[in-house]
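Here are a few friendly notes to read alongside the model. Please keep the structure open as you go through the points.

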Amino acid sequence: MSFSQFNEKDYEVINQAYAKLRASAEKRCANAAELEVVQRAFEFANSAHSNVRRRSGEPYMLHPIAVAQIVVDDIGLGYKSISAALLHDVVEDTDYTVEDIREHFGNKIASLVDGLTKIKTVLDNEQKTHGVADISQQSMQAENFKRILLTLNDDVRVVLIKLADRLHNCRTIEHMPEHKRDKILSETMFIFIPLAHRLGLYSIKSELENIWLRYNEPEAYQEIKARIDKSVQEKGAEMTQFIRPIAEALTKAGFRFEIKKRVKTPYSAWRKMQQKQISFEEVYDLYAIRIIFEADQSSPESERDQCYHIFSIITGLYRYMPERLRDWVKHPKSNGYEALHCTLLSESGVWVEVQIRTRRMDDIAEKGIAAHWMYKRNGYLGEGDYEMDAWLERIKEILVNPDVNALELLDIIHNDLTATEIYVFTPKGDQRSIQKGATALDFAYLIHTEVGNKAIAAKVNQRLVKLSHVLKTGDKVEIITAEDAKPQPEWIKFLTTRRARTLVMDYFKAQRKQTVDFGKKTLENTLTSLGIENDERNLQRLQAAYGVDSREEMYYGIGLGNLSLDQVTENLKKQSSGRLSWLRRALRMDDETEQPVENRPEAETFIIGSSDPNGPRFSIASCCNPIPGDPVVGFKAPDGSVTVHKKACPVAESIAAMHGDWVVVPKWLEQAEDNSFLVRITLKGIDRVGMLNEISRYVSLVMGVNMRRLSLQAESGLFEGYIDMYVQSREILEQMIRKLSSIEGIESVIRTEL
C-alpha cells in the first residue's frame with residue numbers, strides 16, 4: 001500500500017463502484033434501515049482508507065467495495081455481511097479498533113470484522129526470524145489456523161466474506177511480487193478452494209481454480225483455453241441445434257424454464273487430463289447445458305418427480321449413457337447440491353452433459369449455503385438441507401475436540417474438505433453416503449458405534465469379505481457382529497473416516513497399556529525384519545524423528561497407527577546424519593543443535609545450479625520432478641537448503657500454505673548443458689511393425705537423449721506405455737513430444753508424473 005492525495009478521478013471511480021454496489025444492496029436489503037447501515041459502513045471505510053492506494057495505484061477503497069459486491073451478488077448475503085465486507089480491513093490497516101466498529105455498527109458486524117481481522121493477521125503473518133522453528137512455534141501456527149477454522153463454528157459468514165476477499169485478491173494478483181503470489185495461490189488451493197466447494201460456491205471455486213492454473217501452469221492454461229475457445233466456436237451452431245428440440249418439447253409439456261450453455265473450464269479440463277493421463281482430445285464431456293425450471297408447487301408432482309419428468313422427455317429425444325446418470329436430487333451431495341445429471345448423444349455425435357435443476361436448486365448450486373439459509377428461513381426444506389447442516393456439525397466436532405493434535409488439524413480438515421463420496425446400501429435398501437476409500441468397518445461405525453465395536457466381518461453384495469474391504473458406489477453392505485467381539489488396535493491402520501478412527505481411538509484410551517505394549521512389539525518386529533538393532537541409540541533417533549516427548553508416547557502412537565513404520569530406515573538414516581528433512585521440520589520439530597540462519601530479504605531469489613560456493617544447496621523435489629522451463633517455486637529450509645517444486649505440485653501447495661515465509665523465487669540457470677533431469681512421457685497409439693524401433697531411434701539417435709527406461713505393451717492392435725528419460729529443458733522435451741506425435745500410428749504423447 002502507498003499514500004498519495006486522491007484527485008477528482010479517484011473520487012469518481014470510488015463513487016461509481018459504490019453506486020453499483022448500492023444498487024445490488026437495495027435488492028437484498030429488507031428495508032431502508034438496513035440500506036442505511038450499508039451506507040454508513042461505506043462512508044466510515046471510505047474515510048478510514050482515504051488517500052491510501054493498492055500496489056496497482058488504484059484507491060484502496062475499491063478493494064472492500066469489490067469484496068462487498070461479491071458478497072451480495074455471488075454469495076447472496078445480507079446487509080450485515082455487506083457492511084462487514086466494506087469494513088473488513090479497517091481494524092487491520094488503520095487506527096480504528098474492533099470496539100470502534102462495535103460502537104458504530106453493533107455487536108454482530110463488529111464480530112464479523114473481528115473474525116476477518118484475525119484471519120488476515122494469521123495468513124499475512126511473516127515470521128521475523130528464519131532460524132530453527134521449534135515445536136511451540138509450529139503448534140502456535142497450527143493453533144492460529146484452528147482459530148481461523150473455528151469461525152465456521154462461530155459464524156460461517158466470516159469464512160464466506162473471507163472467500164470473497166480472497167477471490168478479489170486473486171483477481172488482482174498480477175500486481176503482487178512472485179513470492180507473495182506463490183504463497184497466496186498455495187493457500188488458495190489448499191484451503192479456500194476446498195472450502196468454496198464444500199460451502200456450495202461453485203462459481204467462486206471455478207474462478208479461483210482458473211486463476212491458480214493461469215499462474216502456476218501458464219502455458220497449459222493458454223493452450224487449453226485456446227482449444228476450448230476454438231471448439232466452442234466450431235461447435236456453437238451444433239449446440240444450438242441440439243437445444244432446439246429440447247426447448248420445443250419442454251414448452252409443449254407446459255414447463256417454464258431457461259436453458260444455459262456451459263463449457264468445461266480450463267482448470268477442469270486440465271485436471272481431468274492430469275488425473276486420467278489423457279490428452280485434450282480425450283476429454284469428451286467438454287459441453288454441457290443446464291435446464292433450470294420453475295417448479296410448479298400446485299402440481300401433485302414433487303420437485304424430484306418434475307426433474308424425472310423432464311429427464312423422460314429429453315431421453316425420448318436423444319440416446320443417453322446409463323453409466324453417466326447422476327441422481328443428486330434423490331441423494332444430494334454433502335454440501336447440499338441437488339440436480340439430475342445425464343449425458344446425451346447429439347445428432348452430430350457429440351456427448352453433451354445435461355443438468356436438470358429447479359430454480360431453488362440452481363440458487364443453492366450457485367450461492368451455496370447462503371441460499372440454503374434463505375430458503376430454509378422461508379420454510380422451504382429441500383432434499384439437501386440435512387446434508388449441508390450435517391457437514392457443518394461434523395466440522396464443529398473436529399474443531400472442538402480437545403484430543404485433536406493442532407499440528408494434525410490442517411491435514412484432517414483438508415482431507416475432510418477434499419474427500420469425495422460414494423453411495424452404498426444397507427440390507428434393507430436404504431442409501432448411505434460415505435467417504436471414498438472407506439472400508440466395511442468404516443460403514444459399520446457409520447451405522448452405529450456398537451455395530452462397529454462388535455463387527456467381525458461383512459457381506460458385500462452377498463459375498464463374505466474382511467472388515468478392511470474397500471467399498472465402492474452401489475455396494476450392498478451387511479455387517480456381521482458377535483457379542484464377544486471388541487475393537488482391535490490394527491483397525492486404525494485401515495480405517496479411513498474420521499468418525500470411525502475417533503471412536504476406535506476413544507475405546508483404546510481406557511486400554512492404553514495394551515496399546516503401548518502392542519506398539520512396542522510392532523516396532524520390535526519391524527526393526528528385526530529390517531535387520532536393525534533394537535538398541536537405545538536407534539530408539540532415541542526414532543523418538544526424535546517422530547517428534548514425541550517420551551518412549552511411551554512413541555509406542556502408543558505406533559500402537560494406534562498414528563505413527564507410520566513405513567519409513568523407519570529412512571528416519572534412522574536422517575537422524576544418524578544429525579538433521580531431519582526440512583519437510584519433517586515443517587510438520588514436527590527441528591534438530592536443536594542447528595543454529596538460526598540470517599534473516600533473508602523479502603523477495604529472495606536463487607539461481608538453480610549456480611556454482612557459487614556460498615550459495616544454498618539445491619534439490620529437485622522427487623514428488624514432481626521439475627525441469628528447466630517449468631514454472632517453479634522454492635522453499636528455503638531453516639538449514640539453508642532450497643527444494644524446488646513445480647508450482648502446480650500438491651506437496652508444494654500444502655507446504656506453502658503452512659509456511660509461506662519459506663517461499664523463495666528460484667530461477668533456472670540459462671546455460672545448463674551439463675545438467676539433465678529425469679522425466680516421463682506416456683504414449684498411446686495403433687501398433688505396427690517397427691513402431692518401437694522408430695520411437696527409440698528418434699529419442700536416442702536424433703535427439704541424443706539418454707533413456708533410463710522404456711516400457712511399451714501391445715494388445716489387440718493397440719499399444720500403450722511410457723519412456724523415462726533425461727532431458728536438459730522443457731523446450732527439448734516439448735520438441736520431442738511434437739516429433740513423436742507426428743509418427744504414424746501415435747495417437748497421443750503427454751508428459752506424466754514418474
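Predicted model: local features only at pLDDT ≥ 70, side-chain atom pairs only at ≥ 80, totals over all residues.

**Notes on a sheet and a helix pair**

1. Four strands make up an open sheet with antiparallel pairing, in the order S19-S20-S18-S21. S19 and strand S21 (746-752) are the edge strands, each pairing on one side only. From one strand to the next, the twist averages 15 degrees.

2. Two helices pack on this sheet. Helix H28 (residues 691-702) touches S18, S19, S20 and S21, and its direction makes about 160 degrees with that of S19. Helix H29 (residues 730-741) touches S18, S20 and S21, with its direction at about 160 degrees to that of S21.

3. Now for the strand pairs. Strand S18 (residues 677-686) pairs with S20 in the antiparallel sense over 10 bridges, and Leu-683 stands opposite Gly-721 in S20. Strand S19 (residues 706-715) and strand S20 (residues 718-727) are also paired in the antiparallel sense, over nine bridges; here Leu-710 is opposite Ile-723 in S20.

4. S19 and S20 form a hairpin with two residues between them, and Ser-716 in the turn has a positive phi of about 55 degrees.

5. Elsewhere, how do H22 and H24 pack? Helix H22 (residues 512-530) meets helix H24 (residues 551-560) at an angle of about 85 degrees, with the axes 7 Å apart. H22 is therefore roughly perpendicular to H24. Residues making the contact include Phe-518 and Leu-523 of H22 and Met-554 and Tyr-555 of H24. The contact residues divide into eight nonpolar, four polar and four charged.

Notes
Residues numbered from 1 in each chain as written. Heavy atoms only, no water. Pairing = 2+ DSSP bridges. Axes fitted to C-alpha atoms, helices over the stretch in contact; angles between N-to-C directions. Parallel < 35°, antiparallel > 145°, perpendicular 65-115°, else oblique. Contact = heavy atoms within 4.5 Å. Nonpolar A, V, L, I, M, F, W, Y, C, P; charged D, E, K, R; others polar.
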